[in-house]
Amino acid sequence: MGPLEVTCKDKMHLILQTFSWLDQIRWQEPGNYDLINYYTADLTDDEKLLTHWLCYITDRQTPFQRIWEVGGYVLSHIARAYSRDRGDVLALLRKYTRQEPDSRGRVHVWLECDLKQANARLERYEITEGPVQFASRYMPEDLVLIFRTLALLDELADRSLARFIAQAASGNDDSRHAIRRIAAGLDGLTYSAGGTVRAERVDDELEDMQKKVTQDAEAFRRDPHSCIDGWDANFRYFERKRLWCSLRDYLKSPEFNDAFVGALKAANRPDVDRWERGNQCLRAGLHALELPGDVWNNSPTFRRGLFSPYLRQERQSWNMPRTIRAIYELLTEDEDLAFYPEQLDVTFDFVPAMCERNMCGTCLFGSGVGEVCHAQSGLQCSVALAACGYEHKCDPADCPVRDDRVKGFCHSAVGLKGQA
């Protein structure tokens, strides 16, 4: 099989530009994405970042709302204590860890903390009194990864996630290269040591991880650059959904970018302004972010409708993150793109709202926006609201989708007028 080809570059450009527009809307309003239910309002910026990172460690095959609302509450309690108590890391984590066998002798592992006061978001889960308990679907393994993260930050970065990220980017003036180094560093911090952990062996696994942390910390202190080189060589770039989601939030989210920049300032790191959302160099660097692969952007209906028709020699064995990176590289051979691969993550909202519900009659890529768009300045954009549930003020004079430029592009569209 020959190399992948884009057979209709003009249409592919327009498809990608439309998703870029939706992504820009996504990050304009805090209501367009989910915020963490913190244990207390007095967390430092670095404690907020760490809570966010720990939440994403547990974000696998568990409803994301529960991760942010229940998990965020417990994990922010841990992050705050870790940052301020300065005691032994394993001993601290064990204070929050509970284990109990069920009637069949299977051991269950979970985290818990006290309930500070009535919490409306916890009450949605019928949690009205303490302790607040949280377990991810892969709690034994996630617990070991949480411990590795906390233990390495203790050894290498004075318990500061922002300080560790700054160390990983050190010496890289090019933002794209710096972001790739940060990603490799974060993978080494947490995910590269992942593996199946049986609940019955979780204590032994924690002890083994302590030894591994000591070795890795020594290697990092000896030569940070070479250590990250090693992590980079083994980094599976297209298979780290949770890592890319986290890093994306630190660079693009109004809330978490403010916390990231604030934490860097608190740590007296140099060149802090390069990481601010409005910085032009950072915006260029965002092209290095990979698409976090999930069931939505890998949906056969979505992929076969909007991408496969415009590709030749498509690799069906490739996931969507790898495919969209290849498309991006092909299109940027001729000119720069406003779109970059991570922006396709709006499919997290788009595919459930449109493709899964067969809403082709009101989809930008199906029947178009004619029956949806009201073109009334100052009101909520009905197209973005229908497509992804995003809030955005309508501006008819500056709207890239009002002219229906991508109408009929989707080959998976069903039930359209005139269709056999």
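Modeller: Gladly, and keep in mind that this is a predicted model. Let's start with Asp187, which touches Ser192, Phe235, Arg240 and Leu243, leaving aside residues up to four places away in sequence. Asp187 itself sits in helix α8, residues 175-189.

Biologist: Why is Asp187 called buried?

Modeller: Buried means a relative accessible area under 20%. Asp187 has 1%, so the label buried applies.

Biologist: And why is Arg86 described as partly exposed?

Modeller: Partly exposed covers what falls between buried, under 20%, and exposed, over 50%. The relative accessible area of Arg86 is 42%, so Arg86 counts as partly exposed. You will find Arg86 in the loop between α3 (64-85) and α4 (89-96).

Biologist: What makes the phi of Arg86 worth a remark?

Modeller: Phi is positive there, about 65°, although Arg86 is not a glycine. Most residues other than glycine have a negative phi.

Biologist: Where does Gln313 lie, and why is Gln313 called partly exposed?

Modeller: Gln313 belongs to the loop between β5 (311-312) and α15 (320-331). Its relative accessible area is 29%, so Gln313 is partly exposed. Gln313 also has a positive phi, near 60°, and is a residue other than glycine.

Biologist: What kind of peptide bond joins Gly130 and Pro131?

Modeller: That bond is cis, with omega about -5°. Most peptide bonds are trans. Pro131 is in the loop between α5 (120-123) and β4 (132-134).

Terms used: Residues numbered from 1 in each chain as written. Predicted model: local features only at pLDDT ≥ 70, side-chain atom pairs only at ≥ 80, totals over all residues. Heavy atoms only, no water. Helix = DSSP H or I, 4+ residues; strand = E, 2+ residues; numbered from the N terminus. Buried < 20%, exposed > 50% of the residue type's maximum accessible area, 1.4 Å probe, protein only. Contact = heavy atoms within 4.5 Å.
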